[in-house]
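Hi,

Here is the structure I said I would pass on.

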Amino acid sequence: MRSWKDYVIRWRKLYGQPSPKVYNPCGVKVSPLRCGKCSSTWKVTRHHKGHEFYLAVVDEATYAARYIQFRPEDIVPLCGRCHDKVHRLYMPIMSELRMYIEACFKCLDADDNPVWEYKPSVAVLESYRKRMISKCDRWLKGKIKKPTHSRKKKLSRKRKVQNENTKFNRFSH
Ligand SMILES: [Zn+2]
Ligand SMILES: [Zn+2]
């Protein structure tokens, strides 16, 4: 299986390098990004609101160029904690999307490219992308209720967040 980095290297070769100003992580040091949800500057990365990374793995021709462009309308800076949260909010949508992809999927070829039994429809992929964007936008505006935490959960949250981040940092979303 390719890693996130392998995909990005491949897509930059196929679709060109976006301008350094747009993606260069050094730029982050010059003006630190603030989380679009809580304003923290802790481990802030750019979240693709429509989870375009996953879609680009599924349909490279439609989404890979867009993913590596980090278009301002597609992304929101999020701190490590909020980034983890938004991906948890996506879980019900993602499990539906994964079921659809599994139904279409045949196998991987020798170069790790998917071979399809049925090619996933761009209209269907777009509908999932829009649902994720809309969920993210509603969450950013505070329109999604926070789950209530018990006292015990609150106390162990710091450690839990650290564990989640270790797991999470494998991919930039
Ligand atoms: Zn945050
Ligand atoms: Zn993300």
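I started from Leu78, which touches Cys35, Gly36, Lys37, Val44, Thr45, His47, His83 and Val86, leaving out residues up to four places away in sequence; contact here means C-beta atoms, placed from the backbone, within 7 Å. Before going on: this is a predicted model, where local features need pLDDT of at least 70 and side-chain atom pairs count only at pLDDT 80 or more, while totals for chains, interfaces and linings use all residues. Residues are numbered from 1 along each chain as its sequence is written, with chains lettered from A and ligands numbered from 1 in the order in which they are written.

Buried means 20 or more other C-beta atoms within 10 Å of a residue's own, exposed 12 or fewer, partly exposed in between, with C-beta atoms placed from the backbone. Helices (H or I, at least four residues) and strands (E, at least two) are DSSP runs, numbered from the N terminus.

β2 pairs with β1 (residues 45–48) in the antiparallel sense over four bridges, and Thr45 has Leu78 as its bridge partner. Pairing takes at least two DSSP bridges between the strands.

Leu78 also turns up in the largest nonpolar core: of its 24 residues, Leu55, Ala56, Ala64, Tyr67 and Leu78 touch the most other members. Such a core is a set of buried Ala, Val, Leu, Ile, Met, Phe, Trp, Tyr and Cys residues joined through C-beta atoms within 7 Å. α4 (52–58) gives the most, with five residues.

Cheers

How values were computed:
Two residues are in contact if their C-beta atoms, placed from the backbone, lie within 7 Å.
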